[in-house]
Amino acid sequence: MTDTIDELGPVDWIVVEFPGSRFNGAIAPEITSLVDRGLVKILDLLILTKDADGSLDIAELADIEDGELGELRALETELATLLSEDDVIMAAEAIEPGSTAALLVWENLWAAPFGASVRHAGGQLVASGRIPVQALAAAIEADAVAADTGTGA
């Protein structure tokens with residue numbers, strides 16, 4: 001069991017919303033590229049559709065028509081069910097009515113060797129976080145405005 005744990009990388013999840021239910025599988029090539037390069041392993045992938053009235057439909061890849069999936073169908077054989085129905089429903093609260101979303105869970109294979117070295121050295125992860133791209137863009141823009149106006153720190 002210790003050997004298996006040493007081989008694990010951190011696991012992340014995201015919900016990517018497509019307003020107006022415009023999900024068409026166009027994200028598949030980049031997901032496939034990340035998998036093919038050994039950077040991530042897809043652990044779970046669900047398609048969530050929230051109707052205008054707020055009712056939720058949860059679909060696994062096997063439930064979706066091929067045309068909507070692009071290359072995502074190739075990942076289907078490696079998926080595991082990690083999230084409970086309650087987890088999925090809670091994640092779906094972020095989706096606006098009339099939208100479709102992909103709920104993606106992946107293991108960061110690139111980080112597994114670092115995690116193993118931390119554990120072997122007696123360390124442990126005590127905090128983690130993520131800065132959304134929108135927040136980075138806003139901070140960069142604010143810095144640029146401050147530099148232009150001379151009001152920066």
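These legends go with a set of close-up views of one predicted model.

The model is predicted, so local features need pLDDT of at least 70 and side-chain atom pairs count only at pLDDT 80 or more, while totals for chains, interfaces and linings use all residues. Residues are numbered from 1 along each chain as its sequence is written, and side-chain values use heavy atoms, with hydrogens and water left out.

**View 1. The whole chain, from end to end.**
The protein chain has 5 helices and 4 strands, taken as DSSP runs numbered from the N terminus (helices are H or I, at least four residues; strands are E, at least two). Read from the N terminus, the order is α-β-α-β-β-α-β-α-α. Of its 153 residues, 28% are buried, meaning under 20% relative accessible area with a 1.4 Å probe, protein chains only. Look at contacts (heavy atoms within 4.5 Å) between residues at least 6 apart in sequence, and 80% of them join residues at least 24 apart. The accessible surface, by the Shrake-Rupley method with a 1.4 Å probe, is about 10000 Å², and carbon and sulfur atoms hold 57% of that.

**View 2. Strand β4 and its two partners.**
β4 (residues 99-108) has 10 of its 10 residues buried, so it is largely enclosed by the rest of the structure. In a regular strand, side chains alternate between the two faces of the sheet. Here both faces are covered: one side has Ser99, Ala101, Leu103, Val105 and Glu107, and the other has Thr100, Ala102, Leu104, Trp106 and Asn108. Two strands pair if DSSP finds at least two bridges between them. β1 (residues 11-19) pairs with β4 in the antiparallel sense over 9 bridges, and Phe18 has Thr100 as its bridge partner. β2 is also antiparallel to β4, over 10 bridges, with Leu45 opposite Leu104.

**View 3. The β2-β3 hairpin.**
β2 (residues 40-50) and β3 (residues 56-60) run antiparallel and are joined by 5 bridges. The hairpin has 5 residues between its strands, and Gly54 in the turn shows a positive phi of about 95°.

**View 4. Ala92 in helix α3.**
Ala92 lies in α3 (residues 85-92). It counts as buried because its relative accessibility is 2%. Ala92 and Glu17 are 75 residues apart in sequence, yet 9.6 Å apart C-alpha to C-alpha.

**View 5. The largest pocket.**
A pocket is an open set of points on a 1 Å grid over the protein atoms alone, where a 1.4 Å probe fits, with protein on both sides within 12 Å along at least five of seven lines; lining residues have an atom within 4 Å of a point. The largest pocket has a volume of about 550 Å³. It has 18 lining residues, and Pro10, Ala111, Phe114, Leu125 and Ser128 are the closest to its centre. Helix α4 (residues 112-120) gives the most to the lining, with 5 residues. By class, the lining has 8 nonpolar, 7 polar and 3 charged residues.

**View 6. The second largest pocket.**
This pocket has a volume of about 270 Å³. Its lining is Ile14, Arg130, Ile131, Pro132, Val133 and Gln134, which sort into 4 nonpolar, 1 polar and 1 charged.

Note on methods. Buried < 20%, exposed > 50% of the residue type's maximum accessible area, 1.4 Å probe, protein only. Points joined across faces, edges and corners; volume = space filled by probe spheres on them. Nonpolar A, V, L, I, M, F, W, Y, C, P; charged D, E, K, R; others polar.
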